[in-house]
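Hi,

Please have a look at it first; my notes follow below.

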Amino acid sequence: MSEVALPQSRALARIPTGWIVAGLVALAVLVPYAAPQTFAWAKAYPAAWIVPVSDWLKAFLYWLARDLSFGLFTFKEMTRFISGLFGYALAVPKALLSTGITFGDEEGALHIPRLSWAGLIVAVTVWSYLLGGLRLAALGFVGFTYILVFGQWDSAMVTLSQVLLAVLCGVAGGIGLGILAYRVPRLENAVVAALDFMQTVPTFAYLVPLVFLVGVGPVSGMLATILYAMPPMVRVTMMALKRVPPELDELARMTGCQPRQVLWKVLVPSARDDLLVGVNQVIMLTLNMIIIAAMIGAGGLGFDVLNALRQANGLGKGLEAGLAVVALAIVLDRMSRALVELRPVHGAAATRRRQLFWAGLAALIGFTVLSLAFPALEALPAEYRISTGSMWSDVVSWVNVNLFSTADALRTFLLLYILVPVKTFLIGFPWIGLLAVVGGGAWALGGWRFGLGMAALMAFIPMAGLWERGMTTIYLCAISVIIATLIGLPLGFLGSRSERMHHFLGAMCDTLQTLPSFVYLLPVVMLFRIGDVSALVAIVLYAMVPAIRFTDHGLRRVPPSLQEAGTMAGCTGAQRLAKVELPYALPEIMLGVNQVIMMALSMLVVSSFVGTNDLGKQIQVAISQADPGKGLSAGLAIAFLGIIADRMIGRWVANRRARLG
């Protein structure tokens, strides 16, 4: 017996571990199909095994709101205090930009007007010229003039007041937390893990607990915005402080500086440029989240876009409000970027900068004072405003007459031959097979611990009773990512080969990234009606930008020496692209695909407004029903999907770069 068993054990030992894992994965996938009666539990997750995660989360939040006490005050009193504090803080920029200040009763009231639109446009133009010259000044003037002329000024000022306070709090909180993690290395891993989680949680999931704990209103929207926009500032602060040369730190300590002096007089000033990049990211994320926060009463341009989406003939109003968001976002983005690139000057140039700054401030104050005598300088009269509502109504009519049959044919094709078959396949896929596929793939990339971790995250979906919604999310996300990548890769390649195309794609991507996510739904619903096809098209448009940018960037980073080596080896242009440039740029391109997945998951929550039945729909329903448990469980499921994609692609990229040296 021993003579027979020994060769068998040696033969088994010679089987590669990878083949064993692959065999186990294949068994987990195929056996439930081969014996559906015996392994019915493997295809349909048993209801008795479902863990009531949403009930636990709901009970936990109720405990926080009703029972948790810190002795001197309760958790509810603390949240109300924070809400009141931010409410008073928000009243200041809102009064300056939107409502003005009124003293006294209605009869003898004294009204101090808000900042004049004329003064604000002149000030933005002058300060833009100070930061970036004539081109940026023209952009600032055109952007704010559009907001004024198209009747979006009141809503835009409400949004801007929220953005200013949210950016200030997000930047201050991000820098503070980043410095703490830098100073206390033990906290760094915990902070990084928390940031990873916060950046993968869908935007809507931030709204659910805040509505329950703080209530509906602008303050809840602003708090959600701060939480959403702060993580990039924390990351940038940690990275920027680590990049400061150690010699500067040592020199400051040798000269007798205290740790606080070293931080604020050496480290932070040396990291200024990187920190300003973080400020730019906070501004852009704040604008994106402020629009979504309109769902819980934030108001402003986001409410206008959301309200237009709910109306049958709201396309014109929605696009006007959406373009106002784009104008505001682009101006703030370009001004903050110009501030990053602004270099210190001396002498006459410094004097000129000071003069321009004071000139803009003087115009702002002067026109505001004049508005006391001329009310038209506070609010532009309605007869001077322009509306494109009738034009867009004509566009809708033309589309319905001329493009309906084409759009309907495309919609039917996508549904019958792509969407429905993939959705049916995934919903009927064995849950244990999916866990095995994820775990096996993760094992191949990072070992058995990594595989078990990724499989455990995926197991949350069936265990929480979210299988059908989860698979709908995965199927929509997967198809959208594939299409977005297939569109983005060729465009990125063209951008890497042509400077003119590069600049055109840059402008297009900037516009697509600054459009609020709700705006994408307006034209696609007009073309494809309510349903998964509209959601698919909106997700592709929203998520394809990273595929374009990273492909362009990756191909441009290929060293010229490698390209010359390929040419000298006799490669044609196509061969050099396939065998030299693409393999070298592939890690960068895959990072772009990773970002496409993150943006697709984020947009899936917004696309639930057009009739999808995915995890985003559950979050939307949870907000309307004030059921935080359901919303948070769905948010966690989306976050776990994002973490799985991020970690697995990150491991693959790291392995690929290691092989490339």
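Tyr182 sits in helix H8, which covers residues 153-183. Keep in mind that this is a predicted model. Tyr182 is partly exposed, because its relative accessibility is 25% and burial requires a value under 20%. In sequence, Tyr182 and Leu241 are 59 residues apart; in space, their C-alpha atoms are 7.4 Å apart. Leu241 is also one of the contacts of Tyr182, along with Lys242 and Leu267. That list leaves aside neighbours within four places in sequence.

**Ser98**

Ser98 belongs to helix H5, residues 75-99. Its relative accessible area is 15%. The cut-off for buried is under 20%, so Ser98 counts as buried. Ser98 touches Pro93, Arg114, Asp154, Met157 and Val158, with residues up to four places away in sequence not counted.

**The H6 and H17 pair**

How do helix H6 (residues 117-132) and helix H17 (residues 348-370) pack? Their axes are 7 Å apart, at an angle of about 170°. Angles over 145 degrees count as roughly antiparallel, so that is the label for H6 and H17. On the H6 side, the contact is made by Ala118, Gly119, Leu120, Val122, Ala123, Val126, Trp127, Tyr129 and Leu130. H17 contributes Arg352, Arg353, Leu356, Phe357, Gly360, Leu361, Ala363, Leu364 and Phe367. By type, the residues of this contact divide into 14 nonpolar, two polar and two charged.

**Helix H21**

Helix H21 runs over residues 448-463. Its 16 residues should span 22 Å at 1.5 Å a residue. The end C-alpha atoms are 22 Å apart, so the two values agree. Buried residues in H21 are Phe450, Gly451, Met454, Ala455, Leu457, Met458, Ala459, Phe460, Ile461 and Pro462. After H21 comes Gly465, with a positive phi near 75°.

**Asn613**

Asn613 lies in the loop between helix H28 (573-607) and helix H29 (615-625). Is Asn613 buried or partly exposed? It is partly exposed, with a relative accessible area of 33%. Asn613 touches Glu468, Arg469 and Thr472, again not counting residues up to four places away in sequence. Ile530 is 83 residues from Asn613 along the chain, and their C-alpha atoms are separated by 12 Å.

**Cysteines**

Cys477 is buried, with a relative accessible area of 8%. Cys169, at 22%, is partly exposed.

Best regards

Methods. Residues are numbered from 1 along each chain as its sequence is written. This is a predicted model: local features need pLDDT of at least 70, side-chain atom pairs count only at pLDDT 80 or more; totals for chains, interfaces and linings use all residues. Side-chain values use heavy atoms; hydrogens and water are left out. Helices (H or I, at least four residues) and strands (E, at least two) are DSSP runs, numbered from the N terminus. The expected span of a helix is 1.5 Å times one less than its number of residues. Buried means under 20% relative accessible area, exposed over 50%, partly exposed in between (1.4 Å probe, protein chains only). Axes are lines fitted to C-alpha atoms, for helices over the stretch in contact, and angles run from 0 to 180 degrees between N-to-C directions. Angles under 35 degrees count as roughly parallel, over 145 as roughly antiparallel, 65 to 115 as roughly perpendicular and the rest as oblique. Contact means heavy atoms within 4.5 Å. Ala, Val, Leu, Ile, Met, Phe, Trp, Tyr, Cys and Pro count as nonpolar, Asp, Glu, Lys and Arg as charged, and the others, Gly among them, as polar.
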